[in-house]
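Dear colleague,

I am handing over the structure we spoke about, placed just below, and would be grateful if you could read the notes after it with the coordinates open.

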Amino acid sequence: MPLKDGRFLKKIIGHMNKSATRALIPLGIFLALAALLFYGLQLDPRKIPSPLVDKPAPDFTLESLKDPSQTLTKDVLLGKVSLVNVWASWCPSCRQEHGELMRIARRNPSIQVVGFNWKDTRPEALQMLTQFGDPYAVSIYDPNNHSGIDWGVYGAPETFIVDAEGIIRHKHVGPIDAQVWEQEIRPIVEQYQAKKS
Amino acid sequence: MTARTPKLMPAALALAGALTLGTAHAYTLEEFTFEDPSQTTEFRDLIGELRCLVCQNESLAGSQASVAQDLRNEVYRMMQEGKTRDEVVDFLVARYGDFVLYEPPIKPSTYFLWFGPFIFFALGGFLLMRAIQRKKAEPEQDLSDAERARLQQLLADTNKKD
């Protein structure tokens with residue numbers, strides 16, 4: 001059918017004189033514009049590119065989620081490629097990605113999975129980790145969005161890839177699933193792990 | 001009519017209640033007070049021009065989202081510390097990107113956005129002018145003597161048939 005249509009069109013154009021062919025230009029422009037706008041519709045306006053990519057991770061001084069007496073700083077991110085996962089117990093998408101984070105942490109001991117507990121309460125956060133498992137090697141606790149603003153966090157879940165020098169290399173907005181891990185996150189993680197050695 | 005009045009009363013009260021609730025979110029801005037009233041105006045103008053990233057069609061001033069509240073507090077704190085408007089905007093852009101601004105800055109990646117309409121306007125004007133000029137240049141095509149004679153003949157034939 002498309003072939004037939006194509007031939008048909010060619011035949012019509014062949015019979016037309018120059019000015020009639022010229023009349024088709026607006027149609028061409030319209031189709032190009034329609035294609036552009038249709039492409040725009042496929043983009044997710046919630047995915048806002050972060051200006052922090054390729055910049056040093058912001059400093060922070062926050063309590064550990066598990067031990068209030070322990071203070072954590074940016075130093076915990078140095079020396080290893082880290083996945084900094086912003087999460088909260090009130091966030092359904094965080095629960096959705098929880099299983100995948102567990103798998104990533106279990107299968108990739110060379111990656112440091114860091115929990116950035118955000119705008120949450122300690123008992124509820126700890127309860128979720130007890131109930132569904134704890135994928136985090138380090139858990140940072142930011143109940144009042146003190147450092148979340150510095151990291152440009154505007155929702156949970158969000159995940160940052162931070163290299164061994166403490167530089168943010170990528171930001172993923174939304175839950176991580178197997179496909180996001182394999183196609184988006186893993187290649188970048190491996191690229192920076194290779195660089196380190 | 002008088003019998004109906006008691007029935008209308010609860011409705012009127014409900015309406016009044018709904019209207020009061022409707023203004024509740026504007027009231028939350030009252031908590032941000034400055035000693036200098038001009039600073040209060042500046043604060044409100046500024047948060048009106050910053051976009052809430054969660055509910056993207058709302059400004060920081062209008063959004064009920066929790067993150068918007070945090071950012072309002074942050075802007076308030078910075079202004080209380082005497083930071084200028086530009087410093088506050090730079091602080092937010094460094095963290096959230098140009099997206100927080102309702103009005104995108106003029107820079108190479110936004111040239112097309114800012115100047116595109118003028119380019120298209122000029123292009124359209126140029127094409128229109130050219131089309132008009134071309135129409136003018138074309139000579140009026142008149143009938144030749146032979147054609148005129150034939151036209152007369154045809155008209156005469158038609159009249160005869162009637």
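What follows is a summary of what was found, taken one chain at a time and then across the contact between the chains. Please keep in mind throughout that this is a predicted model.

Chain A: the sheet

Chain A holds an open sheet of seven strands in the order 2-1-5-4-3-6-7, with mixed pairing. Its edges are strand 2 (71-73) and strand 7 (168-173) of chain A, each of which pairs on one side only, and neighbouring strands of this sheet are turned by 30° against each other on average when direction is ignored.

I looked at strand 6 (residues 158-162) of chain A in some detail. On one side, strand 6 of chain A pairs with strand 7 of chain A in the antiparallel sense over five bridges, and within the sheet I161(A) stands opposite H170(A) in strand 7 of chain A. Strand 3 (residues 82-87) of chain A also pairs with strand 6 of chain A, again in the antiparallel sense and over five bridges, with T159(A) in strand 6 as the bridge partner of N85(A). Strand 6 and strand 7 of chain A form a hairpin with five residues between them, and in the turn G166(A) has a positive phi of about 80°.

Why can strand 6 of chain A be called largely enclosed by the rest of the structure? The reason is that five of the five residues of strand 6 of chain A are buried.

Chain B: the helices

The secondary structure of chain B consists of seven helices and zero strands. Buried residues make up 13% of the 162 residues in chain B, and of the contacts in chain B with a separation of 6 or more, 35% are between residues 24 or more positions apart.

Helix 3 of chain B packs against helix 4 (residues 66-80) of chain B at an angle of about 145°, with the axes 11 Å apart, and the crossing of these two helices is right-handed. In this contact Q39(B), F43(B), L46(B) and I47(B) from helix 3 of chain B meet R72(B), V75(B), Y76(B) and M79(B) from helix 4 of chain B, and the residues involved divide into six nonpolar, one polar and one charged.

F34(B) lies in the loop between helix 2 (24-27) and helix 3 (37-49) of chain B, where it counts as partly exposed because it has 14 C-beta neighbours inside 10 Å. Leaving aside residues up to four places away in sequence, F34(B) touches Q39(B), T40(B) and F43(B); F34(B) and Q80(B), although 46 residues apart in sequence, are 7.5 Å apart in space, C-alpha to C-alpha. R130(B), by contrast, is found in helix 6 (residues 111-137) of chain B and counts as exposed because it has 10 C-beta neighbours inside 10 Å. R130(B) and V54(B) are 76 residues apart in sequence and 49 Å apart in space, C-alpha to C-alpha.

Between the chains

The contact takes twelve residues from chain A and 13 residues from chain B. On the side of chain A that touches chain B, the residues divide into six nonpolar, four polar and two charged.

With best regards

Methods
Residues numbered from 1 in each chain as written. Chains lettered and ligands numbered in written order. Predicted model: local features only at pLDDT ≥ 70, side-chain atom pairs only at ≥ 80, totals over all residues. Helix = DSSP H or I, 4+ residues; strand = E, 2+ residues; numbered from the N terminus. Buried ≥ 20, exposed ≤ 12 C-beta atoms within 10 Å, placed from the backbone. Contact = placed C-beta atoms within 7 Å. Nonpolar A, V, L, I, M, F, W, Y, C, P; charged D, E, K, R; others polar. Axes fitted to C-alpha atoms, helices over the stretch in contact; angles between N-to-C directions. Left-handed = near helix turned anticlockwise from the far one by under 90°. Pairing = 2+ DSSP bridges.
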